[in-house]
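Have the structure open while you read.

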Amino acid sequence: MADTSYTALTHAGFQGEPDTSDPRVLAWLIRRHGLEMTHLSRGSHIGAIFSLADIMATLYTGVLHVDPKQPQMPERDRLILSKGHAGAAVYAALAERGFFPVEELKTHYQNGSRLSGHVSHKGVPGVELSTGSLGHGLAVAAGMALAAKMDKADHRVYAVLGDGECDEGAVWEAALQAHQYRLDNLIAVVDHNRMQSLDFCENTLALEPFGDKWTAFGWNTIIVDGHDLDALRDAFEKAKAARGSGKPTVIIAVTVKGKGVSFMENDILWHYRTPQGEEYEAALKELEAQRP
C-alpha cells in the first residue's frame with residue numbers, strides 16, 4: 001500500500017531522506033511545506049514565508065548553535081521571529097531539523113494544534129517566544145542579549161524582523177537600547193521584501209535610506225541579497241565576527257515577497273491569499289521544477 005502521509009507527500013521525489021543540512025534543500029522544503037501548510041489550513045502569509053525561506057535555511061544549517069535533542073540547553077542561541085505571521089517557515093525548519101516530527105506540520109493553523117498561525121512557543125520545541133503583534137521581537141531579543149551579557153554567557157540572540165514592522169516606534173527604541181548597552185551579541189535580520197500588508201513599504205511609510213538609519217542608530221549594518229545562500233552565510237559570519245566591537249549588527253536581507261512562485265512574486269495579493277485549486281497546482285509545479 002502506498003504511503004499517503006503528509007511526510008511522504010512533501011518529501012516525494014527525494015531519494016531517501018532529504019539532506020536538510022544542505023541549505024538549498026532546507027530552503028526548498030520550507031517553501032514546499034509553506035505551500036502545503038497554507039493550502040491545507042487555508043491560512044495566509046505565504047508570501048512572507050517564501051521570502052523568508054532562504055534566511056531560515058541558512059540560520060538552521062550551521063549558523064545557530066542549537067540542538068534538537070536538547071532544545072532548552074542553556075548555551076543555545078536564541079532566535080526570535082518578530083514577524084510572527086511567517087511562523088510556518090520556522091515550524092518547517094524546526095521539523096526538518098529534528099525538533100519535532102515533520103508529520104505534525106499538517107496540523108498547522110488547525111483547531112487544537114500547537115502550531116498556531118502566528119508562531120507560538122507554547123509546547124513547541126525550538127521556539128523561544130510567541131509573536132505576531134508586530135514591533136516587539138527586537139525589544140525582547142535586546143533584553144535577552146542584555147541578560148546574557150550580565151550573566152557573562154557566550155550565546156547569541158537573533159531577531160528576525162519584517163521591514164513593514166519597522167514602522168513601529170518600539171523597533172527603534174529597542175535599536176537605541178541595543179546600542180546603549182553595547183549588545184554585540186545581538187544580531188537582527190530584516191526580511192526586506194519591500195511589501196507590507198496592503199501595499200509597498202514606500203507607499204505606506206518610506207524606509208529609505210534604510211541602512212543609513214540603522215547605522216545612525218549605532219549598529220553595524222550589512223546589506224545582502226536575501227536569496228543568495230553563500231552571501232547570507234558570509235553576512236552571518238561577519239555578524240559573528242563583530243563580537244567584541246561593542247556594536248549590535250543588523251543584516252538587511254533584500255528579498256522578494258512570494259519568492260519561488262512567479263505569479264506570487266511581488267504581488268501584494270499573496271500576503272493574505274491562500275493557494276487553492278489551479279493556483280495551488282501551478283505553484284506546486286513551479287516548486288517541483290526547482291527541486292535541488
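1. Start with N266, which sits in the loop between strand 7 (249–254) and helix 10 (277–289). Helices (H or I, at least four residues) and strands (E, at least two) are DSSP runs, numbered from the N terminus. N266 isn't a glycine, yet its phi is positive, near 55 degrees. At 39% relative accessibility, N266 is partly exposed; that label falls between buried (under 20% relative accessible area) and exposed (over 50%), using a 1.4 Å probe and protein chains only.

2. A word on provenance: this is a predicted model, where local features need pLDDT of at least 70, side-chain atom pairs count only at pLDDT 80 or more, and totals for chains, interfaces and linings use all residues. Residues are numbered from 1 along each chain as its sequence is written, and side-chain values use heavy atoms, with hydrogens and water left out.

3. R42 is another non-glycine with a positive phi, about 55 degrees. You'll find R42 in the loop between helix 2 (23–41) and helix 3, and it is exposed at 59% relative accessible area.

4. Check the peptide bond from E208 to P209 too: it is cis, with omega near 0 degrees. P209 belongs to the loop between helix 7 (201–204) and helix 8 (210–216).
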